[in-house]
Amino acid sequence: MITALKRFGQNFLVDKNILALMITRSGVREGDCVLEIGAGHGVLTRALLAANVSCLHAVELDERLRPELEELAGENDRLRLHWADAVKFDYASLSPFPEKVIANIPYNITTPLIWELLKFPRMNYHLYMLQKESAERITAKPDTKSRYPLGVTIEAMGRASIVHNVPRECFRPIPKVNSAIVEIEITRNFELARSELWSELLHRGFSHRRKTLMNNLRGFVDGEILGERAKMRAEDLTCDDWLNIYYAILRSR
């Protein structure tokens, strides 16, 4: 087996029970078109194909894995391989276009990758294996230290929940941290992930966690728009607070 590379954030899932849980939870069935990120040695890939999906797009960066994955693709014409950096890949080019994303994401690209995938609301169901800390940040509630822009965005666009905690012994090589399976469903505010204004608002707001919104957003948002929220910290705001600020800025321009 090819050795995992630290620079790719690779840890290969080997636990068949966790694999079966991901397939069952995602509800993949015949006729589904699915996107997988980081096919690795094809463990999850084979499980998805066994579920009789109509098409499976698999994006993989590590060229060392090409022989075994192309052999698998040669055995099954439903598998379409894309050799690319998943963060920079042109997902709009996929045909047929996937409705679901199911992946064991390399830990070092979690935030930029999920943000990129949220820009395509037709992919409205996501099931990810993530580092547990990343999973907790994505699902963090207001008034918690783990709250951050991606989590707020997902809450504004739908919902996210941790459906299963996964011990580090389920991977090879064994990572230093535990993992978790996160389910994301996108149901509303489909334009937010593509909005530069929304992104800048959140990233400015969270830029200095100890500072108030007034300090972090000075020169970007009028104090009247912030109102009483000006004295609050970014992590204390609810999703509705952020949306109200965002739409108020849009109306003022």
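Residues are termed buried under 20% relative accessible area, exposed over 50% and partly exposed in between, with a 1.4 Å probe and protein chains only. By this criterion F89 and Y91 are both buried. The model is predicted: local features require pLDDT of at least 70, side-chain atom pairs count only at pLDDT 80 or more, and totals for chains, interfaces and linings use all residues. Numbering runs from 1 along each chain as its sequence is written, and side-chain values rest on heavy atoms, without hydrogens or water.

Six aromatic pairs are present in the structure. Rings of Phe, Tyr and Trp (its six-membered ring) pair if their centres lie within 6.5 Å; planes under 30 degrees apart count as stacked, over 60 as edge-to-face and the rest as tilted. F89 and Y91 are edge-to-face, because their ring centres are 5.0 Å apart and their planes stand at 80 degrees. Ring pairs join F89, Y91, F97 and F120 into a cluster. F206 and W242 form a stacked pair, with 5.7 Å from centre to centre and 25 degrees between the planes. F206 sits in the loop between α7 (196-205) and α8 (213-216), and W242 in helix α10 (residues 239-252), so this pair ties together parts 36 residues apart in sequence. Helices (H or I, at least four residues) and strands (E, at least two) are DSSP runs, numbered from the N terminus. Both F206 and W242 are buried.

Two rings carry a charge over the face, defined as NZ of Lys or CZ of Arg within 6 Å of the ring centre and within 35 degrees of the ring normal. R194 lies over F120, at 4.9 Å from the ring centre. K100 lies over Y125, at 5.5 Å.

A nonpolar core is a set of buried Ala, Val, Leu, Ile, Met, Phe, Trp, Tyr and Cys residues joined through side-chain atoms within 4.5 Å. The largest comprises 58 residues, and Y91, I114, W198 and W242 have the most contacts inside it. Helix α10 gives the most to this core, with seven residues. Beyond four places in sequence, the contacts of W242 (heavy atoms within 4.5 Å) include V152, W198, L201, F206 and L237. A second, separate core of 30 residues includes V53, L56, A73 and M129.

Strands β3 (residues 55-60) and β4 (residues 79-83) pair in the parallel sense over five bridges; pairing requires at least two DSSP bridges. H57 stands opposite R80 in β4.
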